Each structure stands twice: as structure tokens, then as C-alpha cells.
Amino acid sequence: MESPFLIITCKPVLTKSMVLLGFAFVHLASYGQVSVSQGLLYTNQEAVVSVQGDFLNQDTLIHQGKLLLINHWYNQGFYPPSTGTIVLHGGQSQIFDHNNQPIYILEVRQGSNVKLPSNVTIENTLLLEEGILTPEAKAKLVMAENAVATGGSATAYVNGTLYHTGPGRKFYPVGNNGSYAPVTLTGIQGEDPVVGVAFYSRGLSAKNSEGVQIPSDGYFWKQTALSGRYDGSVIEAGAPWKESQSAESLVLAGSNDLNSRFYNLGNTASRLSQGRYTVTSFLSFPYPYFTFGWLIEDTKKLYLPNAFSPRASNPEDRVFKVYGNDMAAEDFHLVIQDAWGHIVFETKSLDLASSQGWDGRNLHSSQTESSAVFRYVLTGKFLNGTPLKKSGTILLY
């Protein structure tokens, strides 16, 4: 059975908008398609246009009002972003093929499952109220520098990589396979960075780092620098909560490779809300992969970061310090060595190791070491007299 003729409607008081629409060449087909194929279609800021069939733009659409789409959108012509809003509310599978052009506001409502076969840049707002937005193949969904992503839930997220342009705080409402796992990069650093984040609900096969246990069947995120230079950010990540997990031991952990050792990024803040646990890392981290990890029991009284950068925006992230209030000053000894076993830093002062730490400079040359992995050995005792010996690796980046 053929679908009914499409209907283009405006609010009754907006008769002038109907006149403006009249300048276009619009073809009403029995299969429910509207086609702008000759000339200009213009909608002003007051216009509310509902299209109940497919919409095909093959010429020029200057759109400043609100366009409600139930079916597919194919933009093969010219669409300047202007100030218009496109609302996808089909409650079904929709294709949004925008032909690598910007759009001002995009709203996904009423359970629409939207596929993006081509690049889309959001100039102002991406609202995810109800529905899943999936970039296909090599398509990129990019937020402009001043654009914001809002909404997000277990039934409304980006199923794939969402990119944000520029430094600062950026929100990523991402998910996968029915799991919502939003991320906020709280302070992106770098030069003209365009940074993407995607969530993967299964398939992590990670090695543990010293003092941190990584679940073998867990979920993980991947962050990608599409362009520019990305120097890292403190990460706030949330994912579905499992009752068996110990909240007080939860940290974020990151790695350059899924098959490599993960580094403990710490936990400065955490909260449980609506079945999802959210953790904020202590360290900034620029490398691709991060996930949740759990501190092994003996690390709860003593914490040594696994990574730091002299270029970090947070002063605490620029040095390697010893954290803990259960250590004795007597017999304390910290040694840091490079890959060849040469000592680059050494101290017998707990106060110095806790307050100033190692800033990456070589003990002998006073020059900052190049990015590399270093090994530390810490010996001493706890306040109750229990001997302490701990060794591990530090990533200087």
C-alpha cells in the first residue's frame, strides 16, 4: 500500500510563513517525499514546518524556523546553518544524510533511531531527549567550539564517536549496546584540539597496573584527537553500576594500548546516581583508552600516581608525589630510575616526596627527562611499624 501524501503544516497564526514557503518549487509525491529541486526554500524564525514523508533538498534551503521530520532527510544541495532547528521525531529508524554541512540545532526525540551516513557539524546545540544517534562508517559527528551537547540517558545517546572542538569543558553523552556511559572532559588542553570519545560496552582485555585491578569483561572508552594537538584532560566518566563492586576502591585507569599495562589515574570525586557510578580522575590523561579499575587492598593507605606531565593544566598533575598519611618519616627512601637503571631522582625525605615530589628533572643534569616510562622503588614503614616496600612504573608524558 502506498503511503499517504505528505502534509506540510504551519501554526495557524503563521500564514506569512506559508507565503515564504511558496517561493520554493515543492513536489508532493504519493510516496510521501518533498523535494526542493529548483530554486530557494526559505522558512523564517516563526515557521514550524512538519514533513510527514521523506525530505530531499537538491537546491537551497535557508531555514530559520523549526522543521519536524518523521522520516528520512537527504541534503544534496546547500543548507547554510542559519538559526534553524531540525527535530527528528519519527519514533522509528531514520536516515539523516546532511552531506557534510553544518546545522544549527539538532534535536532527537520520541525514540528515533537515527543513522548518520555523512559528516555533520553542530553549530549550537545537540539535544538527545529520546533516541539513539549512530554515525556510520567514516561519518563524523562534530560539535563546533561553542556548541553544547545536552540530554542523554539509557535510551538517548550517541552510539559511536562524538567530537568536540576546542579547549575547556566538554560533555559527551555516549553509549553502546543499551548502556549509557557519559563522559565529561573537564579541561581539554592543547592547540586547536578536536577530541572525540566513544564507549564500548564489551571486549576489554586489559593488563593490570601495579596496585590496580582491571576487570577482564569490562567496558572502556576511547578518546581520539581528530585534529590539532591534544595534551589531555581530567576525565569524569560514568557507567552502569554493579552491586558487587567496591565503591571506595574505584578509580579510573588509562593506557596507550588495550594490550598494554593500564595506569592508575586516581579518583578525586565519585557519586552513585540512578544506577550509574561516576568517577573523576586525579590525573589528566591524553592517551586513547580508559576504564574503571579497583585498588588492590594494600594501596588504600599509600597512593603513588602512575603517570604525570610537566605540561598538565592542574599543578598536582605536573609532579610525581607520594600520597598517604599512614607512613613514618624514619627509614623512608624513594629512588626513581630510567630504563637503563640510572638514578634520575632520589630522596630520603618523606616530607619532600609528599609536598614537592619529582617534577621530571634529572637529579644530576637538572634537565627535564623526555617522555618515557620510569621505575620507582619505595621503602620505609607504616606508623604501626609494618615494613613497607613498593615498586612500580611511572609514565612521564
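## Salt bridges and an open sheet

R109 counts as partly exposed, because its relative accessibility is 22%. (Buried means under 20% relative accessible area, exposed means over 50%, and partly exposed lies in between, with a 1.4 Å probe and protein chains only.) Please keep in mind that this is a predicted model, where local features need pLDDT of at least 70, side-chain atom pairs count only at pLDDT 80 or more, and totals for chains, interfaces and linings use all residues. Residues are numbered from 1 along each chain as its sequence is written, and side-chain values use heavy atoms, with hydrogens and water left out.

### The protein as a whole

Let us step back for an overview. Of the 397 residues in the protein, 50% are buried. The protein exposes about 17,800 Å², with carbon and sulfur atoms supplying 49% of it; such areas come from the Shrake-Rupley method with a 1.4 Å probe, and for residues only the protein chains shown count as cover. Among contacts with a separation of 6 or more, 44% are between residues 24 or more positions apart, a contact being heavy atoms within 4.5 Å.

### Salt bridges

Side chains of opposite charge can pair when their charged atoms come close. Here, a salt bridge is a side-chain nitrogen of Lys or Arg within 4 Å of a carboxyl oxygen of Asp or Glu. How many salt bridges does a search of the whole structure find? The search finds seven.

One of them joins the side chains of R109 and E107, at 2.9 Å from N to O. Another connects R311 and D231, whose closest N and O atoms are 3.9 Å apart. R311 sits in the loop between β31 and β32, while D231 belongs to strand β25 (residues 220–240), so this pair ties together parts that are 80 residues apart in sequence.

The side chains of K381 and D331 also form a salt bridge, at 3.8 Å from N to O. This pair links distant parts of the chain, 50 residues apart: K381 is in strand β34 (residues 372–381) and D331 in the loop between β31 and β32.

| Residue | Relative accessible area | Class |
|---|---|---|
| E107 | 11% | buried |
| R311 | 58% | exposed |
| D231 | 17% | buried |
| K381 | 27% | partly exposed |
| D331 | 58% | exposed |

Through shared partners, salt bridges join E191, R229, D231 and R311 into one network.

### A five-stranded sheet

Five strands form an open sheet with mixed pairing, in the order β31-β35-β34-β32-β33. The edges belong to β31 (307–308) and β33 (343–347); each has a single partner strand, so one side of each is left without a neighbour in the sheet. Two strands pair if DSSP finds at least two bridges between them. Strand β32 (residues 333–337) pairs with β33 in the antiparallel sense, over four bridges, and V335 stands opposite E346 in β33.

Is T278 buried or exposed? T278 counts as buried, at 7% relative accessibility. Leaving aside residues up to four places away in sequence, T278 touches E236, A237, G238, A269, S270 and R271.

Notes
Helices (H or I, at least four residues) and strands (E, at least two) are DSSP runs, numbered from the N terminus.
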